[in-house]
Amino acid sequence: MKNKRLRKLVLTALFAAMTTVATLILQIPIPGGGYVNPGDCIILLCAWLLGPAAGAAAGGLGAALADLLAGYALYAPGTLIVKALMGLCAGVFLCRRTSRLSLRLAGGAMAEAVMVLGYFAYEALVLGVGMGAVAGLPGNAIQAVFGLAAAVAIFPLLRRLTQIK
């Protein structure tokens, strides 16, 4: 593809689809309820490789679609916003294509903090759970650590692909 904008659009759509599939296919149960999935890893990779707008689009749309398909429609609006903000944050606070691990860790940690706090706010305020939303913090924190660790491990490999450069 010679057109850069079309190529970026196609890659963003691919990352959105991968986010949906990664969230639905591989679910690792965690103590206390819930599960961990590689969806956050895909969102971070998209933001780091393609920038904040692509990270927001792929993260929000891909994760919200996964919620709808998995029967969690109540969470889909919150997921759309939270994961879009996560992708946006990861792309904004990181100089994409950087080889510095410390910057990827810092940008990814900020993005994952947005995810953890965003779901807490959504459950507490929108779903009306109030302080009961504190119960979801450990599971979301485990999800955040898993997603960041996986993305940091995979990023150097993806950066070498000519299709993404």
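Modeller: L127 has a relative accessible area of 24%, which means that it is partly exposed; buried is under 20%, exposed is over 50%, and partly exposed lies in between, for a 1.4 Å probe and protein chains only. This is a predicted model, in which local features need pLDDT of at least 70 and side-chain atom pairs count only at pLDDT 80 or more, while totals for chains, interfaces and linings use all residues. Residues are numbered from 1 along each chain as its sequence is written, and side-chain values use heavy atoms, with hydrogens and water left out.

L127 lies in the loop between α5 (101-126) and α6. Helices here are DSSP runs of H or I with at least four residues, and strands are runs of E with at least two, numbered from the N terminus. Setting aside neighbours within four places in sequence, L127 touches L74, Y75 and Y122, where contact means heavy atoms within 4.5 Å. From L127 to A63 the sequence separation is 64 residues, and the C-alpha atoms are 18 Å apart.

Axes are lines fitted to C-alpha atoms, for helices over the stretch in contact, and angles between N-to-C directions run from 0 to 180 degrees. On the α2 side the contact includes C41, L44 and W48, and on the α6 side it includes G147, A151 and F155. This contact of α2 with α6 has 13 nonpolar, two polar and two charged residues; Ala, Val, Leu, Ile, Met, Phe, Trp, Tyr, Cys and Pro count as nonpolar, Asp, Glu, Lys and Arg as charged, and the others, Gly among them, as polar.

Helix α2 (residues 39-50) also packs against α3 (residues 52-70), at about 155 degrees and with axes 7 Å apart. These two are therefore roughly antiparallel. The residues that meet are I43, C46, A47 and L50 of α2 and P52, A54, G55, A58 and G59 of α3. By class, seven of them are nonpolar, two are polar and none is charged. The crossing of α2 and α3 is right-handed.

A further partner of α2 is α1 (residues 4-25), whose axis comes within 8 Å and crosses at roughly 165 degrees. Hence α1 is roughly antiparallel to α2. Residues of α1 in this contact include F15 and M18, while those of α2 include I42 and L49. The contact of α1 with α2 divides into 10 nonpolar, four polar and one charged residue, and this crossing is also right-handed.

Finally, there are the cysteines. A disulfide is a covalent bond between the sulfur atoms of two cysteines; here the criterion is a pair of such sulfur atoms within 2.5 Å. By this rule there are zero disulfides. For C41, the nearest cysteine sulfur is that of C46, 11 Å away, and C41 is buried because its relative accessibility is 2%.

Definitions and conventions
Angles under 35 degrees count as roughly parallel, over 145 as roughly antiparallel, 65 to 115 as roughly perpendicular and the rest as oblique. A crossing is left-handed if the near helix is turned anticlockwise from the far one by less than a right angle, and right-handed if clockwise.
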